[in-house]
Structure formats: C-alpha cells, structure tokens
Amino acid sequence: MGSATSELPSRRTPLADAAETGLKIVIVGGFGVGKTTLVRSVSEIRPLNTEEVMTQAGIGLDETSAVATKTTTTVAFDFGRISLNERMVLYLFGAPGQERFWFLWDRLFSGTLGAVVLVDTRRMNDSWYAIDRLEHHKTPFVVAVNRFDDDAHRYSLEEIRQALALSERVPMVDCDARVRQSGKDVLITLVDHLYELAMAQEATP
Ligand SMILES: Nc1nc2c(ncn2[C@@H]2O[C@H](COP(=O)(O)OP(=O)(O)OP(=O)(O)O)[C@@H](O)[C@H]2O)c(=O)[nH]1
Ligand SMILES: [Mg+2]
C-alpha cells in the first residue's frame, strides 16, 4: 500500500479496471455534524442516501437547535465511493447520527478498516458514543472537526483533543464537509494513519 496522497480522479469516474484494494471506511459522529454532507461531497458515484424528512413527530426526540436549517436525517446509512489511486478504492459508509438509530452502528463497523469521527464543537458531547464504540471495536480512527460558519468560539485542535481526552496518536484535522477537497484531505489523513499503523505492526517482532 503506497501513500494515499496521489491525485484523485475527477468526479463520476468509473472504477478503474486495475482497482483491487477496497477499504471500508465509516463516517461516524453525533446528530447533524455533516456525515451525509461529507459522503456526498467526496463520492465519485452518485451516493446512496437514506434520508427522511424530519417531521413534528421528532420534536422532543431530535436535538435540532444547533442545526436549525436541517430538514432531513439519515435513517439507515449513506454509501459512497472514492478511488485514491488506480488500485485503491475507499467504500464510505456514513452512520445515522440520531441516538434511536445507534443500534445499527455495530453492524456497520463489521469489516471496517478505519473511521472518521466528525465533530461539531458546539456539541462536543455527541462525539463520546462514536469514540467509545470505535475503541471497543479497536477500529483506528481520525477526528475531523467540521467548522460550521456560525461557530462562535473557534477552539484549537489541541483544545478539542483535550476535551475529548484523545491520545496524541489520534490524528486530528479541520474540515468543511461541504467541500470536496476538504473531505478528500480527511480521508487521506485516515489512510496515511492506517498505513503508518500497518507499518508499525509489521516492524514489531
Ligand atoms: N455551515 C455549515 N453547514 C454544514 C456543514 N456541513 C454540513 N452542513 C449542514 O449541516 C446540516 C447537517 O448535515 P448532514 O450532512 O445531514 O448531517 P448528518 O451528520 O448526516 O446528520 P444525521 O445523519 O441526521 O445525523 C445540513 O443542513 C448541511 O447542509 C459545514 O461545514 N458548514
Ligand atoms: Mg446523515
């Protein structure tokens, strides 16, 4: 496996014949942090989304105060694909963020090589469950901070690391889930991290 930093093909590119390594990656995090947005912005195929309109039935259940413009929510998962180079393809699974769908997560983690924990600093507590499940499954992950424009206080990555009690070994990165290049950089950070972990494991006698 080489470094993932090579250029990506343009959007909607068919899967190359040479593609042979498929990595399953999950995007997790709290409700409305931008998981579906990230999968949509980076996917080179038309992503599969299972969005449902949020209705009055969700009042009191869905915590929408920080995402007032949000009208839909993921009820199963998002699926997208991105080729990192001629041979390596990432299959992206975006998890549903609402607590009542969390029972789906453990299944979604099956066969996963790595994960992105997407964080909204306005609701940091929503990240605990994701981090807890990933640690339980021993799934390597990176933390991506989705910077919403109206984020009143811009916490540094180091402050966020401390607030989430993350080890120095967990890579952290800023992102804007709406921007393809930014989402791509998050995925490259994750694949480089997986690569380093694999190298370190190989070097261990
Ligand atoms: N300003 C801003 N809005 C964003 C950003 N990323 C996502 N959004 C918006 O935030 C809302 C939530 O995005 P989703 O992608 O649906 O969030 P999600 O994490 O998939 O939500 P659930 O699946 O319901 O948990 C949408 O209205 C997005 O357009 C961002 O970086 N900045
Ligand atoms: Mg979603």
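**Notebook: pockets, magnesium and the sheet**

I started with the lining of the largest pocket, where α1 (35-42) and β3 (72-74) each put in at least two residues. I'm working on a predicted model here. Which element gives the largest share of that lining? It's α1, with 4 residues.

Next I looked up the volume: the largest pocket holds about 540 Å³ of space. I count 29 lining residues, and the closest to the pocket centre are Gly32, Gly34, Thr37, Val67 and Phe148. By class, I get 8 nonpolar, 11 polar and 10 charged residues in this lining.

**Helix α1**

Is α1 mostly covered or mostly open? Mostly covered, as I find 6 of its 8 residues buried. I noted them down: Lys35, Thr36, Leu38, Val39, Ser41 and Val42. For the helix geometry I kept a reminder that residues three or four places apart point the same way, because an α-helix has 3.6 residues a turn.

**The magnesium ion**

Then I went to ligand 2, the magnesium ion. Which protein atoms are its donors? I found OG1 of Thr36 and OG1 of Thr74, lying 2.0 Å from the ion. The two come from distant parts of the chain, since Thr36 is in helix α1 and Thr74 in strand β3, 38 residues apart.

On to the strands. I traced an open sheet of 6 strands in the order β4-β5-β1-β6-β7-β8, with mixed pairing. Which strands sit at the edges? They are β4 and β8 (172-175), each of which pairs on one side only.

On one pairing, β5 runs parallel to β1 (residues 21-29) over 7 bridges, and I picked out Thr21 with its bridge partner Met88 in β5. On another, β5 is antiparallel to β4 (residues 78-83) over 6 bridges. There I noted Phe79 opposite Phe93 of β5, and Gly80 opposite Leu92 of β5. How many residues does the hairpin between β4 and β5 run through? I count 4.

**Second pocket**

Last, I looked at the second largest pocket, with a volume of about 250 Å³. Its lining draws at least two residues from each of α3 (128-137) and α5 (180-203). Among the lining residues I listed Leu134, Glu135, Phe141, Arg169, His193 and Leu197; Thr139, Pro140, Ala165, Leu166, Ser167 and Val170 belong to the lining as well. How does this lining divide by class? I have 7 nonpolar, 3 polar and 2 charged residues. For the largest pocket, my entry above reads 8 nonpolar, 11 polar and 10 charged.

Definitions and conventions: Residues numbered from 1 in each chain as written. Chains lettered and ligands numbered in written order. Predicted model: local features only at pLDDT ≥ 70, side-chain atom pairs only at ≥ 80, totals over all residues. Heavy atoms only, no water. 1 Å grid on protein atoms, 1.4 Å probe; cavity = no way out; pocket = protein on both sides within 12 Å on 5 of 7 lines; lining within 4 Å. Points joined across faces, edges and corners; volume = space filled by probe spheres on them. Nonpolar A, V, L, I, M, F, W, Y, C, P; charged D, E, K, R; others polar. Buried < 20%, exposed > 50% of the residue type's maximum accessible area, 1.4 Å probe, protein only. Pairing = 2+ DSSP bridges. Donors = N, O, S within 2.8 Å, 3.2 Å for Na, K, Ca; no water.
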